[in-house]
Amino acid sequence: MEITLAHYLVLSSVLFAIGLIGVMRRKNLLMLFFATEILLNATNIGFAAIAHFHNDLTGQMFAFFIIAIAASEVAVGLGLLIVMYKRTGKIDLDIMTSMRG
Amino acid sequence: MFEVVAFYLFAALTIAMFTITVMTSQALYALTAMAAGMIFISAFFFMLGADFLGVVQIIVYTGAVMALYAFGMMFFDTTRTMVEKRENPRTIFILGVLAATLVVFIFISPIISTHLETQYPLEAASGNSQAIGMILFTKFLVPFEVAAVMLLVAMIAGIVLAGKKMDKSLTLMAEEEIALMGANEAKPDSQEGAH
């Protein structure tokens, strides 16, 4: 028995599905950010696995840039959350109704 | 053999940790479980021969991102149990299962239909970090610089958003007071311009 590309892709899909469930069920914005981190990590595993099994470094480069994007997302998102918490005292998705959507 | 054992062990651990992150109602449990999950994910990178990526994963995610989230948790005081309103949890689970099957098809279909072609093959002679450096500074130089500018923009945005007026509590002020504060700040600038 050997670990193939499909094993890693299935694992990546499972983690992606866990992240999707988190995105769909969370109402707290900080917890929602955690779920998006899970989504990004799941795709990273897929990229690294394809890079390894196709003998190609491009997948690793993509994963590298995804990590950079995740880092900047956290910086900007946490800043916005702090401003929102200072203004409203809550970080709840349900109170973001100022646009009357 | 060892690879099989390691793969299944770390797969089970990662899935368990991320499930805790998504399902728990304690923010502290979610944070620590996600930090552990990030470390376990780096094990997959090491198994796949992506040493540099694994090290970056540990340093950036469990070093920087988790520290930022810990700071955010202390700031937001989410250590108590969160009360999240749920209307219909069954719909969410059905949607999740549907999304999972969809994602599996998305991943599997290009592998079956067409065979991917190797663009930048791995060189057996040099190590992973060396090969990454060679490709990063030749083929991916422009995206690398753009990513650097993006990180700089994100850093400035974070400082401006979080660092400004840390001494005043915007939650305890009324909307008029905030507007007045903004007007007072704008006035000295215009006087400076007049001089």
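This is a predicted model: local features need pLDDT of at least 70, side-chain atom pairs count only at pLDDT 80 or more; totals for chains, interfaces and linings use all residues.

Mentor: Let's begin at Gly89(A), which comes just after H3(A) and takes a positive phi of about 80 degrees. Helices here are DSSP runs of H or I with at least four residues, strands are runs of E with at least two, and both are numbered from the N terminus.

Residues are numbered from 1 along each chain as its sequence is written, chains are lettered from A and ligands numbered from 1 in the order in which they are written, and side-chain values use heavy atoms, with hydrogens and water left out.

Now follow the chain past the helix. Ile91(A) lies in the segment after H3 of chain A. Ile91(A) counts as buried because its relative accessible area is 8%; buried means under 20%, exposed over 50%, and partly exposed in between, with a 1.4 Å probe and protein chains only. Ile91(A) is 62 residues from Leu29(A) in sequence, yet their C-alpha atoms are 5.7 Å apart. Asp94(A) sits in that segment after H3 of chain A too, and with 32% relative accessibility it counts as partly exposed. Its C-alpha is 7.1 Å from that of Lys27(A), across a sequence separation of 67 residues.

Next, see what H3(A) touches in the other chain. Two packed helices are described by the angle between their axes and the distance between the axes. The axes are lines fitted to C-alpha atoms, for helices over the stretch in contact, and the angles run from 0 to 180 degrees between N-to-C directions. H3(A) packs against helix H5 (residues 128–136) of chain B at about 80 degrees, with the axes 11 Å apart. That makes H3(A) roughly perpendicular to H5(B); angles of 65 to 115 degrees get that label, while those under 35 count as roughly parallel, those over 145 as roughly antiparallel and the rest as oblique. On the H3(A) side, Gln60(A), Met61(A), Phe64(A) and Phe65(A) meet Asn128(B), Ile132(B), Ile135(B) and Leu136(B) of H5(B), where contact means heavy atoms within 4.5 Å. This contact divides into six nonpolar, two polar and no charged residues. Here Ala, Val, Leu, Ile, Met, Phe, Trp, Tyr, Cys and Pro count as nonpolar, Asp, Glu, Lys and Arg as charged, and the others, Gly among them, as polar.

Other helices of chain A pack against chain B as well. H2(A) (residues 29–53) and H3(B) (residues 51–76) pack at about 175 degrees, with their axes 12 Å apart. That makes H2(A) roughly antiparallel to H3(B). The contact includes Phe33(A) and Phe34(A) from H2(A), and Tyr61(B) and Tyr69(B) from H3(B). By class, it has eleven nonpolar, three polar and one charged.

H1(A) (residues 5–25) and H1(B) (residues 2–23) have axes that come within 9 Å and cross at roughly 5 degrees. That makes H1(A) roughly parallel to H1(B). Among the residues that meet are Leu11(A), Ile18(A) and Arg25(A) in H1(A), with Phe7(B), Ile15(B) and Phe18(B) in H1(B). This contact has 13 nonpolar, four polar and two charged residues.

Finally, step back to chain A as a whole. Chain A has three helices and zero strands, in the order α-α-α from the N terminus. Of its 101 residues, 58% are buried. Among contacts in chain A between residues at least 6 apart in sequence, 59% join residues at least 24 apart.
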